[in-house]
Amino acid sequence: MSAVGRALPPHYASQEQLIAALRDLWATKHFNLERLEDLHRNVQVGGRHLALPLEEYPALATFQQRNDAWIRVATELSEKVAREALARAGLTPKDVDHVFFVTVTGIATPSVDARLVNRMGLRDDVKRTPIFGLGCVAGAAGLARAADYLRAFPKQTALLIATELCSLTLQREDLSIPNIIASGLFGDGAACVVLRGAEAKATGPRVVGSRSVFYPDTERVMGWDVVDTGFKVVLSAKVPQLVKEHIRGNVDGFLAEHGLTRKDVRHWVAHTGGPKVLEGFESALELEPGALERSWRSLKQVGNLSSASVLFVLGETLEEAGAKPGDWGVVMAMGPGFCAEMVLVRW
């Protein structure tokens with residue numbers, strides 16, 4: 001992994017501003033407004049960046065209007081993070097052999113990665129793999145799939161772009177607890193990772209291995225119901241419990257395959273799934289205080305960015321952790337399926 005680019009839309013609203021806007025929206029529906037405020041404050045998010053100015057959201061009445069906005073902003077953000085990541089890696093768009101693009105908050109055909117070819121001047125023989133539907137786990141899963149590809153083509157360079165505009169999926173007529181929680185937790189942002197094969201003079205930590213874990217009969221734990229107005233969130237209260245029940249055994253088994261234990265891991269890069277999810281990671285894995293400090297900080301500053309969130313934490317880890325040659329790290333995320341993805345890296 002040579003570099004990580006990160007970008008947030010320019011429009012920002014504090015949690016208090018968002019609470020006020022939603023109070024105005026839902027007050028006429030006799031919703032328990034105090035409960036709304038409690039749920040929003042419990043997710044410990046200070047504010048979020050939004051795809052559009054806050055005052056433009058009421059005009060988005062249909063799925064098409066929301067998705068058209070998604071295509072426009074997602075393409076702009078994706079180009080921005082891709083250019084930033086390439087510049088950090090000392091590369092140009094012509095150096096890119098394969099683009100992996102992950103999202104769960106909008107749909108486009110041609111996909112966003114295709115729309116970047118002309119905008120960025122990518123080669124006309126660039127390979128593209130758009131991936132939809134993995135949700136929060138897609139940042140880690142995308143890293144794993146890109147690394148798998150580069151093992152087959154060790155001289156090549158790949159981009160992983162994760163772009164999520166969660167604010168454009170909000171269902172204003174849905175007064176369910178999952179939708180209220182989602183309206184307080186999820187934010188908008190994009191990230192791009194440059195990965196290079198073993199023969200491409202790569203810098204930074206290398207991906208040593210990965211593991212995917214699917215939990216049987218958990219399809220209704222997290223995801224979307226696709227309704228006339230767009231994506232209606234499915235979000236079960238079981239998520240933190242699944243983390244506590246499974247992640248320790250998953251991580252221990254994965255590390256054991258590589259002759260390692262948790263004590264060998266110096267850097268933990270965890271998806272910012274929410275306070276209860278991060279607490280579940282900390283307790284189940286018996287992590288030292290501060291081990292997930294960057295994940296907690298990212299959650300509080302920008303919210304859960306779905307697939308992009310773990311890549312935001314990864315970028316901050318590369319810049320701030322003071323990693324030394326030989327250090328081990330684990331990138332981990334969970335998402336719809338319900339499933340987990342773990343990626344082992346070494347500096």
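Helices (H or I, at least four residues) and strands (E, at least two) are DSSP runs, numbered from the N terminus. The structure described here is a predicted model, in which local features need pLDDT of at least 70 and side-chain atom pairs count only at pLDDT 80 or more, while totals for chains, interfaces and linings use all residues. Residues are numbered from 1 along each chain as its sequence is written, and side-chain values use heavy atoms, with hydrogens and water left out. The protein chain has 10 helices and 13 strands, and its radius of gyration (taken over C-alpha atoms) is 19 Å, close to the 20 Å that the globule rule (2.2 Å times the number of residues to the power 0.38) gives for 347 residues, so the chain is as compact as a globular protein of that length.

**Overall build**

- Along its principal axes, the C-alpha trace of the protein chain spans about 60 × 50 × 35 Å.
- Buried residues make up 58% of the 347 residues in the protein chain, where buried means under 20% relative accessible area, exposed over 50%, and partly exposed in between (1.4 Å probe, protein chains only).
- Among contacts (heavy atoms within 4.5 Å) between residues at least 6 apart in sequence, 80% join residues at least 24 apart.

**Nonpolar cores**

- A nonpolar core is a set of buried Ala, Val, Leu, Ile, Met, Phe, Trp, Tyr and Cys residues joined through side-chain atoms within 4.5 Å; in the largest one, which has 40 residues, V251, W268, F281, L292, M332 and F338 touch the most other members.
- At least two residues of this core come from each of α6 (177–185), α7 (239–257), β11 (265–270), α8 (275–285), α9 (293–302), β12 (328–335) and β13 (339–346), and α7 gives the most, with 7 residues.
- Leaving aside neighbours within four places in sequence, L292 is in contact with W268, A270, L278, F281, E282 and L287.
- A second, separate core of 36 residues includes A13, V126, I161 and L165.

**Helix α6**

- The buried residues in α6 are N179, I180, A182, S183, G184 and L185, and what covers the buried residues of α6 includes α1 (15–26), α2 (33–42), β3 (47–50), β10 and α9.

**Pockets and cavity**

- On a 1 Å grid over the protein atoms alone, a cavity is a set of points where a 1.4 Å probe fits but cannot get out, and a pocket is an open set with protein on both sides within 12 Å along at least five of seven lines; lining residues have an atom within 4 Å of a point.
- The largest pocket has a volume of about 730 Å³, and of the 38 residues that line this pocket, the closest to its centre are C166, S167, T169, L170 and S183.
- By class, the lining of the largest pocket has 25 nonpolar, 10 polar and 3 charged residues, where Ala, Val, Leu, Ile, Met, Phe, Trp, Tyr, Cys and Pro count as nonpolar, Asp, Glu, Lys and Arg as charged, and the others, Gly among them, as polar.
- About 620 Å³ of space lies in the second largest pocket, and of the 28 residues that line it, V43, I181, L235, P240 and K276 are the closest to its centre.
- The largest share of the lining of the second largest pocket, 4 residues, comes from α6.
- A search of the whole structure finds 1 cavity of 30 Å³ or more, where grid points are joined across faces, edges and corners, and a volume is the space filled by probe spheres set on the points.
- About 60 Å³ of space lies in the largest cavity, and α3 supplies the largest share of its lining, 4 residues.

**Loops and backbone details**

- L91, in the loop between α3 (63–89) and β4 (98–103), is buried, with a relative accessible area of 14%.
- L91 and V194 are 103 residues apart in sequence and 9.3 Å apart in space, C-alpha to C-alpha.
- The peptide bond from T109 to P110 is cis, with omega near 5°, and P110 is found in the loop between β4 and α4 (112–120).
- The peptide bond from G337 to F338 is also cis, with omega near -5°, and F338 is found in the loop between β12 and β13.
- D217, in the loop between β8 (206–214) and β9, has a phi near 60°, a positive value in a residue other than glycine, and at 73% relative accessibility D217 counts as exposed.
- S306, in the loop between α9 and α10 (309–320), has a positive phi of about 55° although it is not a glycine, and at 3% relative accessibility S306 counts as buried.
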